[in-house]
Amino acid sequence: MNAFTAPGLDALARAERGVGRVSLPADAHTQAIIDAVPDAIIGIDRAGCITLVNPAAISVFGNDPLKAGHAAMPLTDWLPELSLAGIAQTMEAGLPQAERGLSVARFEALARRHDGTEFTADVSLSRVDNSHGASYTCVVRDITEQLEAFALLTLYRRALDCTSNGVVISDLRLPERPVRYANLAFTRITGFGQHEALGRNLDFLAAADPAQPGLARLADSVVQGEPDTAVLRHCHKDGTPFLNEMSVAPIFSPDGDIDHSVSVLQDVTERERSRLALAERNARLNAVFDLSPDGFLVFDTGRRLVSSNRAFLAMTGWPAADEAAPMSLAEFDRRFARLCDPACPVRPLAEALRAADGATDTLTLLQPEHRVLARSVRGQADGQGETIVFLRDVTRETEVDRMKSEFLTTAAHELRTPMVSVFGFTELLLSRPVPEARRRDMLETIHRQSQRLINMVNDLLDLARIEARQGKDLKRGPCRLGDLVGQTVAPYAELPGPARLCVRMAHADAALHVDAEKTIRVLTNVISNAFKYSPAGGDIVLTTLDGRLRDGPAVGVRISDPGIGMSPAQCERVFERFYRADPSGNIPGTGLGMSLVKEITELHGGRVEVRSALGSGTEVTLWWPLASGVPGEPAVQGW
Amino acid sequence: MKRVLIVEDQADIRKLIRMTLEFEEYEIHEASDGEFGLSMARAVAPDLVLLDVMMPGAMDGLQVCKAIKSTPGLAGVKVVLLTARGQARDREAGQLAGADEYLIKPFSPLQLIDTIERLMSAA
C-alpha cells in the first residue's frame, strides 16, 4: 500500500490549488486505489479547509464538504484537534520524514462525524511544502473496533492475573509441551516467576516426585481430548511441598486439532489437611460409637434411621441396617415396640421427639432378652436437623437397686430374728420368777442369738471396710494351714444335724502368710454354707490340694457338699453382693458370705473356684500362695 | 382348753412362745414350716395360730394364712402373723391374706399374751 500512497499523495498535493474531487492527471490506476481504500483521505489548504476527499471519507464522516454550493469546511469540523496551530504542533512533535520534501506524522486523534458522534481515529498527516507554503493531506482510519479488541484482550489478561487460581497454557505442538503463558496466581502459588515457567514443561513442579500416577493420567487425558483433574504433589520454589489440584483441559484449534492445553492450579494443601483431619475425626468418632457399650442412633432430617452402632444392634438383636434403604421413624417405632414389655408401654420415638428435648425415659425390653434401657433423645421439636438417640443399658443398675432393696428386707429379717430371742427371753426373765435350770437355758439362748447378731453385723461391717480399705488393714503373719483349718472346724465337730464334716488334711504344715482371723472367717463361711445348703445331710468333705497360682506354688482347701447345689446361672452370680441363690429366705443368710470369701481371699493373692450342679452339691476350692522365704519373716510376694 | 398352734421355723422362737404361754391354760401345738403347719391346723383345728411369715419350704406364712381362712370349718380360727417385715405394704399383704393381728419381731412376750387373750375373748 505504501508503495502506492506516495505518488497518490503527490497527486493530491498537486491538486491542492484547485477545489474539487480528486481528479488528477495521474494514472487511472492510482485514482482507482484512492477511490477504493477504506481509509478516509482528506486534503487541506493552507487555511485549514478541506479541499479534497475520497469516497471513503464521505462515507466515514457522513457528509461531503465539497458538495456544490457549500462554503469551505474547516478540517476541525471532522478532526476538532487539528486546527492549523494543532497541525503545526503535531508535525513538530512528530517525526518528520524529510523525504522528497514530505513530512509525515502518525497519531491517534478524536474524530467527529457529521452527525456529531465521535470516534478514535488513527491519523497519518503529511505536509507538502511548495511555493505556496505548506499544505496537508491526512489519512484517517476509524480504529474504534481495533481499540475495543485490544481492550478486551487486555481485560482477559488482567482478569487472569486477578484470579486466585493459577492458569497456565502449554503448547502441545512441541514434544516438550512448553508453557506459553502463566498468570500471576501461578507465581503466587508456586513461587516461580512467569519467566521461569515459560518454555518448560509444567511437570517441573513435580520434580521431587515424578512417578506419581496423576501426572501421567492428566497428560493422557488431555491428548485424548478429555478434561481431567488430579491432586498432585508439587513443590514450591523454596522446596516446600504442597498439594496442587490441577485441572487440565485441551484447547482445540479452529480445524479441530488439540494444539494447546490450559491448566488451572489450586493449592489445596489446607483443604486436604482439613479433609484428612475431618476424616480422622470421623473415624475416631465412629470408633467411639462402635466401641461404646451404649447404643447410638442417628435419624436424618427426613426422620430416617441413617446410623446405628454395634451396641444398639447387640441390644436389639437387629441385623446391621441396610444403608440403601434407611428405616423410617414409624417403621422403627413399630419394630422396636415388638421388643418391649407390653406391661411397660414405651412412648414411641416419634412422640418422644415432639416432647421436651433431652428428656430421659426408661424402656423395658423382653426381646431378645430382658433389658432395661435409659433413653435420651436429642433433636429439635420442629423436626429440623438430625436427631440422636442415646440408649444406655441400665439392666444391671436396676438389678443392683432391686437386689439392694431385697437385701435390706432380708437383712432386716435376719437381724430381727435373733433379736426376738434376746428381747423376749430377757422380758420373761424380768417379768416372772424362773427356776435356775430354766434361767440358765434362757440365758444361753440369749447369748447364742446375740452371737448370731454379732456375726451378722461383723459381716456387714467387714465387707464395707474391705471394700473401702482394699486390704490395707489385713494383719498378715505366718500361719500353718493345719492350725487355720483346725480352728475353723472345731465348732462343727459336735454340731447336731443330719450333715457331718469329714476333714482330710494332707497339707497341715503348708505355710501361709495371711490374716489368720480373716482366713478363718473365709473357711467358716464356706463350711457353714455347705451345712446350710445340705438340709438333707450327708458328708461334707474337706480336702487339701497342691497347685499353682501365678507361677508360684499354692495350696488349696476344697470343701464339697452333697447339698442342693446351684444352676449354672446361679453359680455365675454366687459372688455378687446381696445375691442369694434362694431369694425366698428359706435358707438364712445375708448374701454377703461368698462376697466376703472372694474379697478376702483375693486380697491375700488367692483365688476362689466354685463348681456346682443343681441337685448334686457344690464344691468350693480356696487357693492361697505358699509363703516363701525365711520362716517367721513376712513372705516376699507380689501381693 | 383352747388350742394354740405355733408355726415358726426357728426353734428358739418356738421355745420363747411356749415359755411365754406356759402359765396360761392353752394346749400348745408346734410346726416348723408352712406346709406342716397347715396340715396341723387342719388336724387339730386350733383356736388361734401364731404364724411366722418368712419360712423355708414351699409355703410362706401368708399362703398358710389364706389356706386356713379358706378351709371350711377353720374360717373362725384367729391368725396372728409374726413377722420381721413392718412396712405398710407388708401389713396390707397380711390383711389381704385374712390375718387378725400382725406382730412385728422382735415382739414383747407380755404383749403377745395380751393379744392372744384379747382375740380369744372376742371369739
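Three salt bridges cross the interface of chain A and chain B, a salt bridge being a side-chain nitrogen of Lys or Arg within 4 Å of a carboxyl oxygen of Asp or Glu. In one salt bridge, the side chain of R448(A) meets that of D12(B) at 2.8 Å, N to O. This is a predicted model, in which local features need pLDDT of at least 70 and side-chain atom pairs count only at pLDDT 80 or more, while totals for chains, interfaces and linings use all residues. Residues are numbered from 1 along each chain as its sequence is written, chains are lettered from A in the order in which they are written, and side-chain values use heavy atoms, with hydrogens and water left out.

Between chain A and chain B there are 11 residue pairs in polar contact, both residues at pLDDT 80 or more. A polar contact is a pair of N or O atoms within 3.5 Å; within protein, one must be able to donate a hydrogen and the other to accept it, and residues adjacent in sequence count only if both atoms are side-chain atoms. On the side of chain A that touches chain B, the elements giving two or more residues are α13 (395-431) and α14 (436-469) of chain A. The most comes from α13(A), with 14 residues. Helices (H or I, at least four residues) and strands (E, at least two) are DSSP runs, numbered from the N terminus.

The contact (heavy atoms within 4.5 Å) takes 23 residues from chain A and 23 residues from chain B. About 2200 Å² is buried between the two chains, 60% of it on carbon and sulfur atoms; buried area is the accessible area (1.4 Å probe) that two parts lose on being put together, summed over both.

Chain A also holds an open sheet of five strands in the order β7-β6-β10-β9-β8, with antiparallel pairing; two strands pair if DSSP finds at least two bridges between them. At the edges stand β7 (179-182) and β8 (228-235) of chain A, each with a single partner strand, so one side of each has no neighbour in the sheet. Three bridges join β6 (residues 166-171) of chain A to β7(A), and S170(A) stands opposite V179(A) in β7(A).

Another open sheet of chain A has five strands in the order β18-β20-β21-β23-β22, and its pairing is mixed. Its edge strands are β18 (499-504) and β22 (607-613) of chain A. Nine bridges join the antiparallel strands β20 (residues 538-549) and β21 (residues 552-561) of chain A, where T544(A) stands opposite V557(A).
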